[in-house]
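Open the structure in your viewer and keep the selection tool at hand.

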Amino acid sequence: MGYDETFDVLVIGAGHAGCEAAASAARLGVSTALVTLNLDLVGQMSCNPAIGGIAKGHIVREIDALGGIMGRVIDRTGIQFRLLNRSRGPAVQSPRAQADRSLYRSEMRRVLEGLSGLYLRQGKVVDLIVRENKVRGVVLEDGREFSAKAVIVATGTFLNGLIHTGKRTYSAGRAGEPASIELAESFKKLGFPVGRLKTGTPPRLDGRTIDWSAFEPQPGDVTPVPFSFSTDILSQRQIQCHIGYTTQSVHECIRRNLSESPLYSGKIRGIGPRYCPSIEDKVVKFAEKERHQLFLEPEGHDTNEVYLNGFSTSLPAELQQELVHMIPGLDEAQIIRPGYAIEYDFVDPRELGPDLQTSRVSGLFHAGQINGTTGYEEAACQGLIAGINAALHVQGRTAFRVTRNESYIGVLVEDLIKQGVDEPYRIFTSRAENRLSLRYDNADERLSEKGRRLGLVGDVDWDRYNARQHRLNRLRSALDEISLKRADVRYAAVAAVLNCELGDKVTLAQLAKRPGVTSELIKSLLPEDLQREMGETDLSTALADSLYAGYKNSYQASIDRLFHHDGLRIPKRMSFGGISGLSNEIVERLERAKPMTFGEARRIPGLTPAALSALLVYLAANQHAA
């Protein structure tokens, strides 16, 4: 059989999963094709033009530490950077950046086109070529056939995509682009278990028609935190976002028109993301709330388009306009693009191994929303893992994996392949048992050596990594070894500033844990040569290591305890709502699954380590009721 072109690895789809997959495979030295419907939309941000967020920012840092590209691209194209959870502990702080949607897309394509061995092709893949349970290539709608030893499917919401706006329903992969119906059918023919999920997007507004004075400004950080360890400083001009709120009149209008929502009329069968609900869902499920927060986020420096974050909807376009006008400050605002909901097919991720290769077809890998996840970051990290392993598969090398104890990527992959999904999966810090060690600032220490061994971390980045480790080791030693004694002049000055007794002697590491002690104070007590040598985040990393050192052993013991009580029985008619410390979401999951043992409960998708600990304590205290 003659093929039009032959490649080692072929990637279907050029969203965030596809871009990382293609880049990693090509950089590992195999000829790689990236096939997409429209090459002008490589790296398109279909929903919110933002990267990062709680736990998501950790994943972007991990992608970068392994040698991926997302962190570098957002650092070059971000227009507002914020470190979330600054007031909380270092383990749950996470970077987030608003992107210039157009710049992000063009920069992503520029990066991909600069990679040797990567070939971009435009076309619609309609079928997989599979013989003897091995993938051999793909068939395109225009008749071309490409041969490949490994194929990565990263199709996003395009598989059997169906858009809903009010009572209007039409086939599409996203607004303005065709759905991939034939390819979706090919998965069913191959015997893959297929389900339906949904997601949505809010209306985009014309910024010239907004009364910005009615909203609360939300500026970026004065000293922005980059995503890539290779970025020394972010110097581009930052934009200002704004915060607003819905009103009771908005809520009442939505309630009166729920019959117009495909979500509540029964037209939508797919399950939506719990953590990013539509405005209809918010009004119905949180009826007690008088208002819901909105974020007005500009989509770039050279556009008037504004993303109305928090107002995802599938209501009719004319009703969306009416609702927008009810929001203070938006009474004259015009909608550029109405919001919509989209349903799409996904394949049960329990079909996959840790390398994201399917067990049903050798050489076939899945990454992104086809596995039931939601979010650019979740998709990108799967693309990276799939791309690495597709290349290794072609080269006959051992598969690569990262564990849940060393990365959020490992948490995500294990959750997917072992538990599957019953709703779009989103990463959270609460999903990681080892989250005290999985900070955004130490992703390089956890993963860069792995990236180097693979061949994805180049010489310049490797030298940068080793230089940082040298600085951190010096800092850690200084914190443990430098101490203030009563006879020291600095002792009296520090005690006066803190207005407290320090004891006869206190190390800088001990001092740093005291209330009111800032990193600036600790820095002033370090040797001058070390102060000059330190990078922007070196001290915060060393201090965080010191802060959590005492907690790790006890925390790990509590986690280990969870895995030794799988046989503990759960009473048949137990009311999970009576257990202190369980959220409504966790109670709902437990009531729906009706586990008979603690082991069954532990394997329910979405149950966090904290929730499992609360359940275990309750069961242990009430064993007589079983």
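Does Phe7 count as buried or exposed? Select Phe7 in this predicted model: its relative accessibility is 4%, so Phe7 counts as buried, the cut-off being under 20%.

Phe146 has 0% relative accessibility and counts as buried. Colour the strands next: Phe7 belongs to strand E1 (residues 5–12) and Phe146 to strand E9 (residues 145–153), so the pair ties together parts that are 139 residues apart in sequence.

Phe7, Tyr119 and Phe146 make up one aromatic cluster.

Move on to Phe187 and Phe192. Both of these residues are buried. Their ring centres lie 5.7 Å apart with the planes at 65 degrees, so this pair is edge-to-face, as planes over 60 degrees apart are counted.

Next come charges over rings. Select Tyr245 and Arg291: the charged end of Arg291 sits over the Tyr245 ring, 3.6 Å from the ring centre. Then select Tyr425 and Arg431, where the charged end of Arg431 sits over the ring of Tyr425 at 4.2 Å from its centre.

Finish with the cysteines. How many disulfides are there? The count is 0, with a disulfide taken as a pair of cysteine sulfur atoms within 2.5 Å. Select Cys47, which is partly exposed at 23% relative accessible area, and then Cys253, which counts as buried at 1% relative accessibility.

Terms used
Residues are numbered from 1 along each chain as its sequence is written. This is a predicted model: local features need pLDDT of at least 70, side-chain atom pairs count only at pLDDT 80 or more; totals for chains, interfaces and linings use all residues. Side-chain values use heavy atoms; hydrogens and water are left out. Buried means under 20% relative accessible area, exposed over 50%, partly exposed in between (1.4 Å probe, protein chains only). Helices (H or I, at least four residues) and strands (E, at least two) are DSSP runs, numbered from the N terminus. Rings of Phe, Tyr and Trp (its six-membered ring) pair if their centres lie within 6.5 Å; planes under 30 degrees apart count as stacked, over 60 as edge-to-face and the rest as tilted. A charge sits over a ring if NZ of Lys or CZ of Arg is within 6 Å of the ring centre and within 35 degrees of the ring normal.
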